[in-house]
Amino acid sequence: EEKRRGAFSSRRVFILAAIGSAVGLGNIWRFPYVAYENGGGAFVIPYLVALLTAGIPFLLLDYGIGHKFRGSPPLSFARMRRGAEGLGWWQVGICAVIAIYYAAVLAWAVRYAFFSFTKAWGADPAGFFIGEFLQVSDPGVTAEPVAGVMVPLVVMWALVIAMLALGVQKGVGATAMVFIPVLVLSFGALVVVSLFLPGAGSGLDALFTPSWSALAEPTVWAAAFGQIFFSLSIGFGIMITYASYVHRHTDMPGSGLVVGFSNSGFELLAGIGVFAALGFMAQDTGQPVGEVAGGGGVGLAFIAFPAIINEAPAGALIGVLFFVSLVLAGITSLISITEVVISAVRDKFEIGRVAATLVVALPMATVSVLFLGTTSGLHVLDIVDHFINQFGILLVAVVSMVVVVWGLRALPQLAAHLNDHSSVHVGLWWRALIGVVTPIALGYVLVDAFVTDVQTPYGDPEAPYPTWMLAVFGWGSAGAVVVIGFVLARLRWRSATALDG
Ligand code: PHE
Ligand code: NA
């Protein structure tokens, strides 16, 4: 069985691969700004509460499911109960959608690593990014190809397909073994260089100065739970898939603690590096730190950092370290989400590694290039990202948690399985968190997000998205993955014994 599905050669490789999945764009460009916006130093409290009460417990649930039932999400859920298979395919669908746009960001970052030397953006990084580089059109009007994005996007997919075709250990595992240490070095170097910039201290002050009143705001707590779920890559099949590749008799809870705390450690490091650099920029331009951050996310990486690279001593070095880190962190995450889809297709249709990789990744790459490599790419990315995060990741997480705990009543056997080979024991507290506390917290975040999106259509009020775009790419993509998931679950398993496990 291990021969057929593939397996990680050791616990260490699994841990590195899991860290590779967890550490991604979310750590580098999302966490620092979310923390800054939501109470600064005071954000530590909701963040740690979310990590300990929801993040790590849910990570262990995913590990338990994948490790005990030894399958991709559809196979694992089907083995728990035949009727639950659709839940697994829903998770697979979400992964496919995320991969399609995540790859585009990496393609941009590759080009920007080179631009760090040429400073192709000149004196106006914002204008360059939207205009010359992405050639963004008015929402929905045209979709002309943009060669400067399409070409690196094709290269990115070719690379990822090659690595995935090599299999679980030689592809996924080996990539993480190489990329994660290099990432730690390159990002560590970036942090050190940034800390020496004049004004770095004021950036750290801006990030860490606690605003205690934030703790009374429900939105701050929601932001903390949202960040933890996205950042740990939990609840949508990645950790189920990776855990299914781990030898039986392996300590899973212990591994979970290592992965959870490494990911958070990297977030803290990223916060320091990014805000040190922003502090320099703020001092250089005489603006407040919050103003030069570009709003976090895409703006932080592709507009604020180029401005820093223009002004800072050793700007090119900062640029290369930053964008190379982004690419390294992102590739291992992109591999992990694409692997979920490949693994599911292999389990269900019993096809070989290379064939499955091509059958799955070529269509994904094609859609990715056609939609994201055009003048409408940025709009599509913005909308899909927003909706699939809220009504994909968070929703499927709550639903699967409730189904596993209350529908299938699987927690006692999962707890017994996790405890079998571990010194860290999950007990009653774990079952209470997973069964009650986490679903309620997440449910609250979700309802709040839903109400917000219904009341105010997502987007910039100054340049609103056409309703059809929100309907198709937003609600449509989040809804389509549910429907497609339950259709796929109706198909027959290729081998009658697959479900016996
Ligand atoms: N956990 C990753 C991060 O923090 C994000 C990610 C999302 C990874 C989706 C894989 C899939 O960036
Ligand atoms: Na992360």
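1. The shell around ligand 1 consists of five nonpolar residues, eight polar residues and no charged ones. Here Ala, Val, Leu, Ile, Met, Phe, Trp, Tyr, Cys and Pro count as nonpolar, Asp, Glu, Lys and Arg as charged, and the others, Gly among them, as polar. In total, 13 residues surround ligand 1, and the closest are Gly-24, Gly-26, Ser-231, Ser-233 and Ser-333; a residue is near a molecule if its C-beta atom, placed from the backbone, lies within 6 Å of it. Two or more shell residues come from each of α2 (11–22), α3 (25–37), α11 (218–232) and α15 (315–349), where helices are DSSP runs (H or I, at least four residues) numbered from the N terminus.

2. This is a predicted model, in which local features need pLDDT of at least 70 and side-chain atom pairs count only at pLDDT 80 or more, while totals for chains, interfaces and linings use all residues. Residues are numbered from 1 along each chain as its sequence is written, and chains are lettered from A and ligands numbered from 1 in the order in which they are written.

3. The protein chain has a mean pLDDT of 94, with 99% of its residues at 70 or more; pLDDT is the predictor's confidence in each residue, from 0 to 100. The scores of the model are ipTM 0.97 and pTM 0.96.

4. Ser-10 belongs to the loop between α1 (2–5) and α2. Ser-10 is classed as partly exposed because 14 other C-beta atoms lie within 10 Å; buried requires 20 or more, exposed 12 or fewer, and partly exposed falls in between, with C-beta atoms placed from the backbone.
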